[in-house]
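The structure is shown first.

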Amino acid sequence: MQESNLNRRNFLSLSALAAGATLLNMDSPASAAAPVAADAPVLTILHMTDTHIRPEHDAPARCQKILAAILKNHPDINLVLNTGDSIYAADYGHITRERVEEQWKIWDETVMPLLKGLPILHAIGNHDPWWAGPEGDAMVGYPYVCKRLGIESPYYATRRGGWEIIVLNNSKASVDADQLAWLEKTLTALPPNAPLLLATHVPIFSLAGTYDSGNMSGGKKLVDLLAPRTAAVVALSGHIHIQSSESLWNIRFHCNGALSGSWWEPGEQQVGSYKRTPMGYAIVRLWADGRSDSQYHPVPYK
Ligand SMILES: [Fe+2]
Ligand SMILES: [Fe+2]
């Protein structure tokens, strides 16, 4: 009885959070009219981040249930963007080869089948690579993560629906000189009026990251590369497990909450949330003229 009361309270509080989060995160550019029904977005993106899939806490079955509900509730999704920490953790020094394989196997068998048929872009999170293996081992480092995620390189650019999409690898909370040079070259080659979606695991800039000490270092340098563009920039990230949205000039930052909340655990609030951000995902809509809209959708704990 007690448990069912608790679950009901959790459900009610999550419903309230859902309503609040939806209102808070609705955003349209101040200079543009709100989109109307006939004005369809060119991209409707499921932004999922920090799935941290693991065998414990019934995470595989719970994750499958959540993903099935997302796809049912948003049949208009035409792109999935996963900003990393796909598996619980491979990066710590004590993690064994078997544990890494176990987590990716669950990813392959429970997460990816639900998303089958949808185009997916992945970024690498800090918990995805394995560093504890012997030097030269094929499972150590970024190439193995790329292989498991089906991406050609840790950072890349693509184009969808008239939007340029750049996915960076800042999973070490920074970008190295090579990646920065590549980014500068890629941005220079873009038409200045092309809207840009930039995806990273660690936020370039976010209040969530400021609050929880988690933004990348050197983010100002990236902002200074993006700000001179005449077109809109939308920067999506995760990592903090706290949702916040900010605007700076032409750039809209959305650091979204984790699909796993408190890593599938009850967390401090006993409802799976992390520091008041519930488990959830975002639906990001992008219009051809650079308008954007991002809404965070909490999901029930169980
Ligand atoms: Fe994470
Ligand atoms: Fe992370």
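The model is predicted, so local features need pLDDT of at least 70 and side-chain atom pairs count only at pLDDT 80 or more, while totals for chains, interfaces and linings use all residues. Residues are numbered from 1 along each chain as its sequence is written, and side-chain values use heavy atoms, with hydrogens and water left out.

Helices are DSSP runs of H or I with at least four residues, and strands are runs of E with at least two, numbered from the N terminus.

Buried means under 20% relative accessible area and exposed over 50%, with partly exposed in between (1.4 Å probe, protein chains only). In α5, Gln179, Leu180, Leu183, Thr186 and Leu187 are buried. These buried residues fall within an arc of 125° seen down the axis, so they line one face of α5; the arc is taken from the directions from the helix axis to the C-beta atoms. Ala177, Asp178, Lys185, Thr188 and Ala189 are exposed on the other side of α5.

Helix α2 (residues 59-73) and helix α3 (residues 97-111) have axes that come within 10 Å and cross at roughly 35°; axes are lines fitted to C-alpha atoms over the stretch in contact, and angles run from 0 to 180 degrees between N-to-C directions. Pro60, Cys63, Gln64 and Leu67 of α2 make the contact with Ile106, Glu109, Thr110 and Val111 of α3, where contact means heavy atoms within 4.5 Å.

Notes: Chains are lettered from A and ligands numbered from 1 in the order in which they are written.
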